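Hi,

Here is the structure I promised to pass on. Have a look at it first, and then read my notes below.

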Amino acid sequence: MFGEQFIGSLDRLLKIILQVAWLNFLWIIFSLLGVVVVGVFPATTAAINVARKWVQKKEVKSIYQLFKQTYKGEFIKSNIIGAILLFTAVILFINYHALLQLGDQTPIIVVFAYYFVIFLYGIILIWIFPLLSHYQTTIMQYFKNAFIIGISKMPITIAIGFAIFVIIYFSLELPTLLLFGTVSLIAVTVAFLTMRVFEKIDNADT
């Protein structure tokens, strides 16, 4: 009896590991298919959507088909969002170097405002792709909702940010994780934490 339970548990564990690795591999492949620049954003949305189905304990007959369907369906919208985020990141990077050049001449209020903007940018970055995988709305509304939810659910936002940091930290220490699990682990973590918030919002609206 114990031996059968152990084998069954080991089999389920191996299936989970293979699914996580396969999802990570799909993210890499589809990101490359979009020459990274236009592939990474829809691939990220697709990875979170697959992870969302897992968290909801919904049957996923084909991870590949669900991933591909989401990738194609959200390709334009996710890339517009990604382009806005990238443009903002470039502006923030330029401003960072401008602050370095000014040095002590920069008023403290300007430095504070700069880092506050980065903080808000991080909040939107954390929430916008989970929102994209869960809801259908306008691009402007995604940004608005990401900001509002991120601020109002700050403990969850901090938990997601910390979890992403830990996963990336260990991935840099163990580079094989980058190939077999980094993105998929982040997607599962993000889906698990954000779905609880989305379910409360959905239940409140019904």
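Phe 25 comes out as partly exposed, at 38% relative accessibility; by the cut-offs used here, buried is under 20% relative accessible area, exposed is over 50% and partly exposed is in between, with a 1.4 Å probe and protein chains only. Trp 22 is partly exposed too, at 35%. Both residues sit in helix H1 (residues 2-33), three residues apart, or about one turn of the helix. Helices here are DSSP runs of H or I with at least four residues, strands are E runs of at least two, and numbering starts from the N terminus.

Before going further: this is a predicted model, so local features need pLDDT of at least 70 and side-chain atom pairs count only at pLDDT 80 or more, while totals for chains, interfaces and linings use all residues. Residues are numbered from 1 along each chain as its sequence is written, and side-chain values use heavy atoms, with hydrogens and water left out.

Back to the rings. A search of the whole structure turns up twelve aromatic pairs. The Trp 22 and Phe 25 pair is stacked, because the ring centres are 5.9 Å apart and the planes are at 25 degrees. For reference, rings of Phe, Tyr and Trp (its six-membered ring) pair if their centres lie within 6.5 Å; planes under 30 degrees apart are stacked, over 60 edge-to-face, and the rest tilted.

Phe 165 and Tyr 169 make another stacked pair, 6.4 Å centre to centre with 25 degrees between the planes. These two are four residues apart in helix H7 (residues 154-173), about one helical turn. Phe 165 is exposed at 53% relative accessible area, and Tyr 169 is partly exposed at 43%. There is also a cluster, in which ring pairs link Phe 30, Tyr 64, Phe 67, Tyr 71 and Phe 75.

Now the overall picture. The chain has nine helices and zero strands, and its C-alpha atoms fill a box of roughly 75 × 45 × 35 Å along the principal axes. Of its 206 residues, 37% count as buried. Taking contacts (heavy atoms within 4.5 Å) between residues at least 6 apart in sequence, 73% join residues at least 24 apart.

Phe 198, in helix H9 (residues 182-205), is buried at 1% relative accessibility. Leaving aside residues up to four places away in sequence, Phe 198 touches Trp 127, Pro 130, Leu 131, His 134, Tyr 135 and Ile 149. Phe 198 and Arg 52 are 146 residues apart in sequence and 11 Å apart in space, C-alpha to C-alpha.

Which residue would I look at next? Lys 53, in helix H2 (residues 40-55). Apart from residues up to four places away in sequence, Lys 53 touches Lys 58, Val 60 and Leu 66.

Lys 57 lies in the loop between H2 and helix H3 (63-73). Its phi is near 60 degrees, a positive value in a residue other than glycine. Lys 57 is exposed, with a relative accessible area of 76%.

Cheers
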